[in-house]
Amino acid sequence: MFDYESYLRKDKLPLIWCAGCGDGIVLKAMLRAIHKIGLEKDEICMVSGIGCSSRLTGYVDFNTLHTTHGRAITFATGIKMAKPELHVIVVTGDGDATAIGGNHYIHAARRNIDLTVILFNNSIYGMTGGQVSPTTPKGKRASTAPYGNFENNFNISGLAQAAGASFVARSTVYHATQLEKIIEKAILKKGFSLVEVITQCPTMYGRRNREGTAVDMMQWQKENSIPVSRAASMSEAELEGKIITGILVDAEKPECRAEYQKIIDRFTATTETVEK
Amino acid sequence: MSEKDSTNRVQVLSGNEACAMGALAADMRFYAGYPITPSSEIAEVLSLELPKTGGVFIQMEDEIASMGAIIGASLAGSKSMTATSGPGFSLMQENIGYASMAEVPCVIVNVMRGGPSTGLPTMPAQADVMQARWGTHGDHPIIAIAPYSVGETFDLTIRAFNLAEKFRTPVILLMDEILGHVNEKVVFPRSEEIQVVKRNRPGVAPQNYLPYANTESGVPPMVSFGEGYRYHVTGLAHDETGFPTNKAQDIERLLLRLNNKLERNRDQIIDYATDQFEDAEIGILSYGSSARSARHAVFLARQKGIKAGLFRLKTIWPFAGQEIADHTARLKAWVVPEMNLGQIAHEVEWAVGRSVPVHRINRVDGNPINPLEILAKIEEIC
Ligand SMILES: Cc1ncc(C[n+]2csc(CCOP(=O)(O)OP(=O)(O)O)c2C)c(N)n1
Ligand code: SF4
């Protein structure tokens, strides 16, 4: 069995997450991916915002930074630019990254800075009691959408793709093995890598929307996921309400910190090479 | 500064340029910011100079992001700073509180312009001094210092970094539009004369490191991310290990340590200058650009045989209330000229009680205070 404990701060357990919360499955997939790559704990800096998902950083034995709501990516940008040798992984929620932090999210993707963003999309604000999020599906209920959500929602992966990220992938907690492989690829990829994970919040979302137990919610993930290869031949109508899973973007693009290094090197290189 | 030593140690510069050069002399190696008048020249100079030192300049998407980025860079081991003006300073407040709470050294420059809101983008004010103290929520420690000349801007920028490192706290450098844009002669110190404080690293092995230790000085040693000490940083109330806590005892200990650490070391932080104050009967208390007018007013008053003297704050926060009270005994009155509606005058009143009257000279119309306005007030009261 995989030795999760060697990556956890055991004295900080139990986790604050509810029984049935999907976040623990993401945590485990992430640790397996990190182990598989063989990264040293000291090389990893994990940065999170505010929310249930963002509490993850308190439990893992890396350099960990729990920041302000929506701003994890900005802190992570500072770390990566100042110390590029660190592997900087951002853990964030749908509200954290795409409501209050939406601007930072698209700008980090535009810069294509070498961050791995693991975005826990549970379609709700879990931590603050189930308020509506930019990813709450239209018509679904939230504590601040008692008559059903009347707004449109974001396609989180699409946003990163449109803004210029070099790696974009989506998976679900039901597909934990696929998720692990995707996270592994995302960490290894130079550039902005987004992993959108569909996860369940049975407490604040499932109950209010009569979606059943955590198991029922994962069953729903299973039944509604369409691999990206199959989605290519389906119509928009057929894909309505479905989760397209797999690697959506895997492109080679210049990375932000490496581009800046070229400027630094113009001054640290010998005058001879500069003149060339 | 090595080239400068032999060649041009004397230069004519603006305050914004001097600020950027002071930051480089203090070993600042990370700048993140968002353009705003009247501060933008600081960013422009640093975008040009930082890569030459191996340092990093990045223009962020807004001031919230700028503040987040400098905190991240500081935790990664780079001395870091941002510069802005009123509206941007407002946006930075939440993360300034984070830096206070998580004790991350960094420097925030606010080249003050007229407010509130978009206010007067190209005109000076000093109306953010209270925001510098209380802009972010919660009881928190903060240092704010204010230069009054271009040369002093260079020196105090270095001092801002030194104080930030020494006390593990954000330091706010309060400039204003006049200072930012005025061109003056600067005589740079020789590089061996410049003192640069290094981060106080822990003397213990990683397993024994307490990033938020309740040390005697109130300031725990600090190590950067990626150096083998894997610790946790949060804006939540935390115990000495840095992890969140709900224990009343731990929370209180943290908050008291944070808020006392500057007070306990105030002698090292508080700085002021006096001019013709020894025999003064009328004390003019001022800071920043207003102190330039105040100094001239003292000169004019002395020509008329009036014993006026200048007490100029270089440290705004923590407030030099005790020092001001100690200098009040011989005075008939204090006069406090400032480009706001009395933000520091109020503190002076509080410091001296009813012992002497405190006269205010305030201007909020985008114009500097004229020395003659100050002279008129001096003549009126003596
Ligand atoms: C500036 C600010 N505004 C609001 C909050 C309150 N708040 C904390 S977490 C949260 C929402 C979290 O939702 P999400 O990011 O989706 O994470 P989840 O809890 O669902 O994992 C909010 C609104 C805050 N901490 N800071
Ligand atoms: S409230 Fe929802 S998201 Fe938060 S821990 Fe519970 S199940 Fe998870």
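Me: Which residues surround ligand 2?
Reply: A residue is near a molecule if its C-beta atom, placed from the backbone, lies within 6 Å of it. This is a predicted model in which local features need pLDDT of at least 70 and side-chain atom pairs count only at pLDDT 80 or more, while totals for chains, interfaces and linings use all residues. Residues are numbered from 1 along each chain as its sequence is written, and chains are lettered from A and ligands numbered from 1 in the order in which they are written. Ligand 2 is surrounded by A:Trp17, A:Cys18, A:Cys21, A:Asp23, A:Cys52, A:Asn122, A:Gly126, A:Met127, A:Cys201, A:Pro202, A:Thr203 and A:Met204.

Me: How do the residues of the shell around ligand 2 divide by class?
Reply: Ala, Val, Leu, Ile, Met, Phe, Trp, Tyr, Cys and Pro count as nonpolar, Asp, Glu, Lys and Arg as charged, and the others, Gly among them, as polar. On that scheme the shell around ligand 2 holds eight nonpolar, three polar and one charged.

Me: Which residues come nearest to ligand 1?
Reply: The shell around ligand 1 has six nonpolar, nine polar and two charged residues. Of its 17 residues, those that come nearest are A:Gly51, A:His69, A:Gly93, A:Gly95 and A:Gly126.

Me: What is the mean pLDDT of chain B?
Reply: pLDDT is the predictor's confidence in each residue, from 0 to 100. In chain B, 98% of the residues reach 70 or more, and the mean pLDDT is 96.

Me: What ipTM does the model score?
Reply: Two scores are given for the model. Its pTM is 0.97, and its ipTM is 0.96.
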